[in-house]
Amino acid sequence: MNIHQLCKTSLFLIAFTFGGTIFAAAVYPIDSASILTGSHFDIKVELNNVVQPEDLVIEINGAPISKLVTSKPQFIANENGKGSSLIYRDVQITKAGKYVLVARAGREQIQVAWDVYASGPRRVKNVILFIGDGMTIANRTAARVLSKGIVQGKYQGGLAFDDMPSTAMIGTSGSDSLITDSANSMSAYTTGHKTAVNAMGVYVSRADDNLSHPKVETISELVKRNTKMAVGIVSDAELEDATPGAMVAHTRRRADKQYIADQLLASKAEVILGGGSAYFYPQSSKGSKRKDEKNLVETFKVDGYQTVFTKQELLAAAQDKKTQKLFGVFHPDNMDGSLDRFFLKKNTVSQYPNQPDLTEMTQSAIEVLSRNPNGFFLMVEAALIDKFNHPLDWERAAFDTIMLSNAVQVAKDFAKTHPDTLIIVTPDHTHSGSISGVVHDEKPGPLREKVGIYAEAGFPNYPKADVQGYPNQVDVSNRLAFFYSSYPDHYETMHPKLDGTFVPAIKGEDGKFVANPKYLQLQEDAIHVGGNLPSSQDVGVHSADDAVLNAMGPGSEKFKGFMDNTEVFKVMVQSLGLGSK
């Protein structure tokens, strides 16, 4: 909203407030929403008073809403005891322009303005969207140090996305809070609409059913409805987690994982690869987290998907030129990170030794999707960067940032022979974290005195990385001093956690989280750090810091300067020509 609009809105509110008017609770889509022509969305008006349907007047650009919206509305006389509501489902506006909706009922009135934009013709054949979940700048720097090395201040190489020609800073805040989570931040990428923490594919209204909030169409739904393109969804988290879920789901609560699993099946995406198998098997199966007897794996088979459960099966199925649809789940929960899988063999690696790498899932997805002559949209999430940033485990986060770089290189190699491919690499949100120096074990004194800063920092002595970019040792004598700025009570060891992912805090007798004494027992000079987060928090949290987006290929030139996260959607749908013709 520009300053002129803000002043007009403020005057409108003041005038009616001074006149004794009670304003409507809300209209969705919200004021200043941007809407793609021809996309499906719901309109909802919520009043603070109980009214009769005939008393509610809704106009768009001065004309009755029925002139533009043909769907039959649902009137709710008194929704949850908070007032009357009216909702129109599956609305479409096919002509670009400015649209002002005014709703009136007695002395209540509210007004919102929307920008409806067209896409123009299709400009690219393929779009590959990489999400480095929670990836902050320090994760990238640490990954570059570990994988490429630095000599006399010069890096000996870059990550695969470092040299992409287009860069933008992305604002990630949601409609309800400065600080976002993966559900609403990814939803902004997949729908072009803002929403609230824990929500995806909906505007958060006062509905009490998670699935009844006003919906907005996702990019995968647009692709399926408007084109003959293929769709792929890849993640090393549970496939029902927030980022892959936001590709297909419409719910107030990201915790609706059984519903999200059902939506993955219903999406008809040609490639679906990741963790979270527990939600695809019937309740009676060992380890299942479903609450019914649906067997989604069997349904995928019936629907013509090749189903795979190990790295070896994945690679074989992808290389089979007959494979047009591929479904693979490789872990009942989140998959294991690269540091554990390749070197430490900790966490659940021994239980699930045949998990594929994100690189292998990306390669397999591209092989299958590229068999569609009409092109494809592929989303690949490196989810574990976030999963390790939360518990302050920066080494594991760095290794998975290297893994993301390797996956991006697969896409870049594909784009060499398919230049009509737009590749985007971005976090959905960021975490705190920065590199402050180098820890030198040989320095005398307490642990904090071993941190070299400025000229005393020098350089770390990680061994040269292997061909995949991973050093085979992280507990070296000179290590990066990487610190997070949001944290619970914990013991700082300044050493990598070789026995499993860091667990900084555990619940104390009073129910509040306290520093995990395990790490003091393991390392007697560990420093007790009093948390700066509420005592109900056991791990670090997301930050409002801007996300750094890199892109290459046709349309990538539109990514520049500072952009809102909803504008990422806009660039993608305009590049694919998904709006009304």
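A polar contact here is a pair of N or O atoms within 3.5 Å; within protein, one must be able to donate a hydrogen and the other to accept it, and residues adjacent in sequence count only if both atoms are side-chain atoms.

Quick housekeeping. This is a predicted model, so local features need pLDDT of at least 70, side-chain atom pairs count only at pLDDT 80 or more, and totals for chains, interfaces and linings use all residues. Numbering starts from 1 along each chain as its sequence is written, and side-chain values use heavy atoms, with hydrogens and water left out.

OK, Thr430. You'll find it in strand S20, residues 430-431; strands are DSSP runs of E with at least two residues, helices are runs of H or I with at least four, and both are numbered from the N terminus. Is Thr430 buried or exposed? Buried, because its relative accessibility is 1%, and the cut-offs are under 20% for buried, over 50% for exposed and partly exposed in between, with a 1.4 Å probe and protein chains only.

So who does the Thr430 side chain talk to? There's a polar contact with the side chain of Ser543 at 2.7 Å, and the backbone oxygen of Asp545 lies 2.9 Å from a polar atom of that Thr430 side chain. Asp546 is 116 residues away along the chain, yet its C-alpha is 7.1 Å from that of Thr430.

Now the sheet. It's open and mixed, with 10 strands in the order S16-S17-S15-S14-S18-S10-S19-S29-S13-S30; two strands pair if DSSP finds at least two bridges between them. What about the edges? S16 (306-308) and S30 each have a single partner strand, so one side of each is left without a neighbour in the sheet.

Look at the S30 end. S13 (residues 166-171) pairs antiparallel with S29 (residues 547-552) over 5 bridges, while 3 bridges join S13 to S30 (residues 562-564) in parallel.

Last bit: cores, meaning sets of buried Ala, Val, Leu, Ile, Met, Phe, Trp, Tyr and Cys joined through side-chain atoms within 4.5 Å. The largest has 68 residues, and Phe130, Leu273, Leu378, Trp394 and Leu404 touch the most other members. Helix H12 (residues 394-417) gives the most to this core, 13 residues. Apart from it lies another core, of 55 residues, including Met563.
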